[in-house]
Amino acid sequence: MRQTLVAGNWKMNGSLDANRQLLNGIKAGVAEGVSAKVVVCPPAIYIPQAASLLNGSHVSWGGQNLSQEKSGAFTGEISADMLLDQQCEYVIVGHSERRALYGESDELVAQKYGAAQAAGLIPLLCVGELLEEREAGNTESVVARQLDAVIDKVGIAAIAEGIIAYEPVWAIGTGKTASPQQAQDVHAFIRRRVAEKDAGVAEKLQILYGGSVKPDNAVELFAMTDIDGGLIGGASLDAEGFLAICRAG
Ligand code: PGA
């Protein structure tokens with residue numbers, strides 16, 4: 001059995017005051033008992049705040065992005081070791097906003113995945129198609145290309161140590177969720193693709209769904225065979241709503 005994991009991607013939202021309330025709310029709710037593994041990914045500057053408030057709790061934290069480089073003259077970047085210094089366990093890699101707005105290529109995403117893993121972080125690799133790619137019938141080829149770029153770089157064994165999030169770009173922040181069956185179909189495709197290289201890795205691999213997950217659709221999404229939890233954007237900014245999603249797992 002794969003454990004359900006629910007990760008909150010706060011994106012560029014928050015403030016010290018708002019985060020304190022949100023983190024304390026999540027911490028209290030999780031302390032009451034949630035079977036899913038719960039992770040929050042605040043903006044980097046607030047990771048120390050999350051680390052101090054969540055220390056000793058059952059909530060883990062992670063980064064939203066990292067540099068592929070170890071250190072040096074890379075103004076504005078944050079390395080895997082720096083995230084580890086703040087006791088991050090996870091880091092999101094290749095989110096569609098990074099790919100679309102900051103030009104992250106499949107190759108760069110693969111390098112970041114490798115850098116995260118080499119440092120001991122668990123990479124949460126995002127893959128997913130644009131609306132026009134889905135409409136053109138290219139969902140599987142796009143997802144396969146994004147996945148293969150990473151597998152080719154780090155090897156199939158390394159995929160076992162990471163997590164994948166299928167996030168159809170047309171469903172992110174739009175209120176349009178993929179139907180449970182649409183999501184399941186792509187999750188099953190991802191698992192089959194990994195199984196072609198290593199069936200054991202495929203069986204264990206956690207594959208999350210992301211894209212307008214809300215308390216009222218999480219139960220049916222998480223009930224699908226190959227959906228092992230969610231990567232939550234907008235709905236992760238409200239403690240009660242986020243906890244309701246965590247309890248759906
Ligand atoms: P959303 O974002 O839940 O706001 O659609 C998901 C994501 O971008 O990870």
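Trainee: Let's begin with helix packing. Does H1 pass H12 in a left-handed or a right-handed crossing?

Mentor: H1 passes H12 in a right-handed crossing. Keep in mind as we go that this is a predicted model.

Trainee: At what angle do helix H1 and helix H12 pack, and how far apart are their axes?

Mentor: Helix H1 spans residues 16–31 and helix H12 spans residues 239–247; they pack at an angle of about 35 degrees, with axes 9 Å apart. On the H1 side, the residues that meet H12 are Leu-22, Gly-25, Ile-26, Gly-29 and Val-30. Their partners in H12 are Ala-239, Phe-242 and Leu-243. By class, the residues of this contact of H1 with H12 are 6 nonpolar and 2 polar, with no charged ones.

Trainee: And how do the axes of H1 and helix H2 cross?

Mentor: Helix H2 covers residues 47–54, and its axis and that of H1 come within 10 Å, crossing at roughly 35 degrees. Here too, H1 passes H2 in a right-handed crossing. H1 contributes Leu-16, Asn-19, Arg-20, Leu-23, Asn-24 and Lys-27, while H2 contributes Gln-49, Ala-50, Leu-53 and Leu-54. The contact of H1 with H2 divides into 5 nonpolar, 3 polar and 2 charged residues.

Trainee: Now pockets. What volume does the largest pocket have?

Mentor: The general idea is that rolling a probe the size of a water molecule over the atoms shows where empty space is left. In this model, the largest pocket has a volume of about 600 Å³. It is lined by 22 residues, and those closest to its centre are Lys-11, Met-12, Gln-64, Asn-65 and Arg-98. Helix H4, residues 96–101, gives the most to the lining, with 3 residues.

Trainee: How do the residues of that lining divide?

Mentor: The lining of the largest pocket has 12 nonpolar, 6 polar and 4 charged residues.

Trainee: Last one: how many aromatic pairs does a search of the whole structure find?

Mentor: The search finds 1 aromatic pair. Tyr-166 lies in strand E6 (residues 163–166) and Tyr-209 in strand E7 (residues 206–210), so the pair links distant parts of the chain, 43 residues apart.

Terms used:
Residues are numbered from 1 along each chain as its sequence is written. This is a predicted model: local features need pLDDT of at least 70, side-chain atom pairs count only at pLDDT 80 or more; totals for chains, interfaces and linings use all residues. Side-chain values use heavy atoms; hydrogens and water are left out. Axes are lines fitted to C-alpha atoms, for helices over the stretch in contact, and angles run from 0 to 180 degrees between N-to-C directions. Helices (H or I, at least four residues) and strands (E, at least two) are DSSP runs, numbered from the N terminus. A crossing is left-handed if the near helix is turned anticlockwise from the far one by less than a right angle, and right-handed if clockwise. Contact means heavy atoms within 4.5 Å. Ala, Val, Leu, Ile, Met, Phe, Trp, Tyr, Cys and Pro count as nonpolar, Asp, Glu, Lys and Arg as charged, and the others, Gly among them, as polar. On a 1 Å grid over the protein atoms alone, a cavity is a set of points where a 1.4 Å probe fits but cannot get out, and a pocket is an open set with protein on both sides within 12 Å along at least five of seven lines; lining residues have an atom within 4 Å of a point. Grid points are joined across faces, edges and corners, and a volume is the space filled by probe spheres set on the points. Rings of Phe, Tyr and Trp (its six-membered ring) pair if their centres lie within 6.5 Å; planes under 30 degrees apart count as stacked, over 60 as edge-to-face and the rest as tilted.
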